[in-house]
Amino acid sequence: MSDLQYAGLIYGENTANNAALMDDIRVSSEDIEAEINREMQHLQNSKQEAIFVPVKIDVQCVLFFKTREPVEPVSFVHRICSDAMNEVTSQKTRHVKRLTPMTRMGKATDKGLEEVAKAVLAPVFHRDGIPVQKFAIRTTIRNNHAMKRDDVIKRVADLVGEPHTVNLKNYDWLILVDIYRNILGMSIVGSDFEQLKRFNIAEIYEPSATANAPKTP
């Protein structure tokens, strides 16, 4: 089942109609780059308002898609990975290894980090009556030498603020910060992130030999 088909399943008929735009795209003997380019061009040429819009970024092996309502990135990716884990669906994603949701995106600068973090953190940590939450922060930085991992983690932790506490192993929420070149994205995922193989869809369908190997004392 493709992402567009999932959108139709989860969000209803309107998005299902959008999924139909992809029906004539089939796997062929073309190489992966040509196939992906063809799919992206198909989306761009669509007369309907697409729920997935490709965003060009010059990072090897990374594809960005901007979504619109009613798609909510975190719950959408969680549903796909949960269904894969529970064997609800068979593998359809030949070329996709990992899914990375971004609730909000901005520029990869100190100001951009603060603006994105405030918007993403508020619903989970800063609403009235929120009990103390345990959290951890996980960063991914590629093709960017200006922003340093430790600085990003410290700034995000400061923005979460008290009374919430850091707990790297038994967190309630994991804050994902992904930086690719000049783009910064952030989302907050639940405590089953590791169980869902960090949203590594390939690992869910075909666990590595290392993951399945018995642990030795």
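K154 and D158 both belong to helix α6 and sit four residues apart, about one turn of the helix. Helices here are DSSP runs of H or I with at least four residues, strands are E runs of at least two, and both are numbered from the N terminus. The side chains of K154 and D158 form a salt bridge, at 3.1 Å from N to O. A salt bridge is a side-chain nitrogen of Lys or Arg within 4 Å of a carboxyl oxygen of Asp or Glu.

K154 is exposed, at 55% relative accessibility, and D158 is partly exposed, at 44%. Buried means under 20% relative accessible area, exposed over 50%, and partly exposed in between, with a 1.4 Å probe and protein chains only.

## Model and confidence

This is a predicted model, in which local features need pLDDT of at least 70 and side-chain atom pairs count only at pLDDT 80 or more, while totals for chains, interfaces and linings use all residues. Residues are numbered from 1 along each chain as its sequence is written, and side-chain values use heavy atoms, with hydrogens and water left out.

The pLDDT is the predictor's confidence in each residue, from 0 to 100. Its mean over the protein is 82, and 70% of the residues reach 70 or more. Residues 19-30 have pLDDT below 50, and this stretch makes 19 contacts in the model beyond near neighbours in sequence; a contact means heavy atoms within 4.5 Å. Where pLDDT is low, the predicted coordinates should not be read in detail.

## Other salt bridges

The structure holds six salt bridges. One of them joins D150 and R149, with the closest N and O atoms 3.4 Å apart. D150 is exposed, with a relative accessible area of 55%, whereas R149 is partly exposed at 48%.

R198 and E194 also pair through their side chains, at 3.0 Å from N to O. R198 is partly exposed at 34% relative accessible area, and E194 is partly exposed at 43%. Elsewhere, salt bridges that share partners link E114, K118 and R155 into one network.

## Helix α5

Helix α5 covers residues 110-125. Its 16 residues should span 22 Å at 1.5 Å a residue, and the end C-alpha atoms are 21 Å apart, which agrees. The expected span is 1.5 Å times one less than the number of residues. The helix bends by about 25 degrees at A119, with a proline, P123, following within four residues. The bend is the angle between axes fitted to the seven residues ending at a residue and the seven starting there.

The buried residues of α5 include L113, V116, V120 and F125. The buried residues of this helix pack against β3, β4, α6, β6 and β7.
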